[in-house]
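Colleague: Please take a close look at one part of this model for me. Keep it plain, and spell out the cut-offs as you go.

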Amino acid sequence: MKLSAKDQKFLNLVKHTAQAEAELEKGRLFFEKQDWDTAIACFTEAIRLDPDYALAYNNRGFSKHRLGDQYLRAIEDYDRAIGLDPNDARIYFNRGYSWSRLGQNNTAIKNYDKAIELLPDHAWAYINRGRCYQELRQYQQSIEDYSKALRLEPNYARAYIGRSVSYYRLGQNELAVEDCDKAIELDPNSETAYINRGYSY
C-alpha cells in the first residue's frame, strides 16, 4: 500500500529524529573525550537533521565554550536553544557561564537568576552566581549564594573556598579560615584552600 504524502512526511520526521538523537549521542561521547571540534560537528549534524533540536544547540554551544575562544558563538547557540525550549534551566546556566567568561557578570547573574527560578536546587547556579557577585565586589550577596549552595551540597569543597574569599575580602578572617579548614577536610589536595588559609591567617 502506498503511503500518503502526510504519512511519508511523518515517517521521515521520525527517521530524522532518530538519526539526530544518534548524532547527539555521538557528540556527547566526543565531548567526554574533550574532542570539542568533533563534538561540534556531531551536534551540527543533529541540528541539520532536526532544526528544532534545542538540546543539540545547547550541547554545541557548550562545546564551543570549551574551546575557550568562542564564547559569543556559544551564546548564539544558547539563544537559539532558549527560543526552542525556554524552560530548560541548564541552557540559562550555560549561557550565564559564557557571559561570565566574557566578564559580563551582570548579564551572567540574570541568566543564573533564571536558571535558579526554573530549578531552585541547582547548586552550581548559586556557586557561579556567587563568583559573579564576588567579581562585582558584592561580597555579602556572594556569601549568601555560596551558603545556599552548601545547604544543597554540603560537600562541595569549591563552595567553601569561594565563600572563604568573600569572608576574607570583608575582613572576616576567622570565618575564612573555618571555610578553608572545611575545604581541606573535603579535599586535602586543594592548593587553593591552603593558599587562601595562609592569606587569612
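Modeller: Start with two helices. Ala 157, Tyr 160, Ile 161, Arg 163, Ser 164, Tyr 167 and Tyr 168 in H9 meet Asn 173, Leu 175, Ala 176, Asp 179, Cys 180, Lys 182, Ala 183 and Leu 186 in H10. Contact here means heavy atoms within 4.5 Å. Helices are DSSP runs (H or I, at least four residues), numbered from the N terminus.

By class, this H9–H10 contact has ten nonpolar, two polar and three charged residues. Asp, Glu, Lys and Arg count as charged; Ala, Val, Leu, Ile, Met, Phe, Trp, Tyr, Cys and Pro count as nonpolar; the others, Gly among them, count as polar.

The model is predicted: local features need pLDDT of at least 70, side-chain atom pairs count only at pLDDT 80 or more, and totals for chains, interfaces and linings use all residues. Residues are numbered from 1 along each chain as its sequence is written, and side-chain values use heavy atoms, with hydrogens and water left out.

Now the geometry. The axes of H9 (residues 157-169) and H10 (residues 173-186) come within 8 Å and cross at roughly 165°. H9 is therefore roughly antiparallel to H10 (over 145 degrees; under 35 is roughly parallel, 65 to 115 roughly perpendicular, the rest oblique). Axes are lines fitted to C-alpha atoms over the stretch in contact, with angles from 0 to 180 degrees between N-to-C directions.
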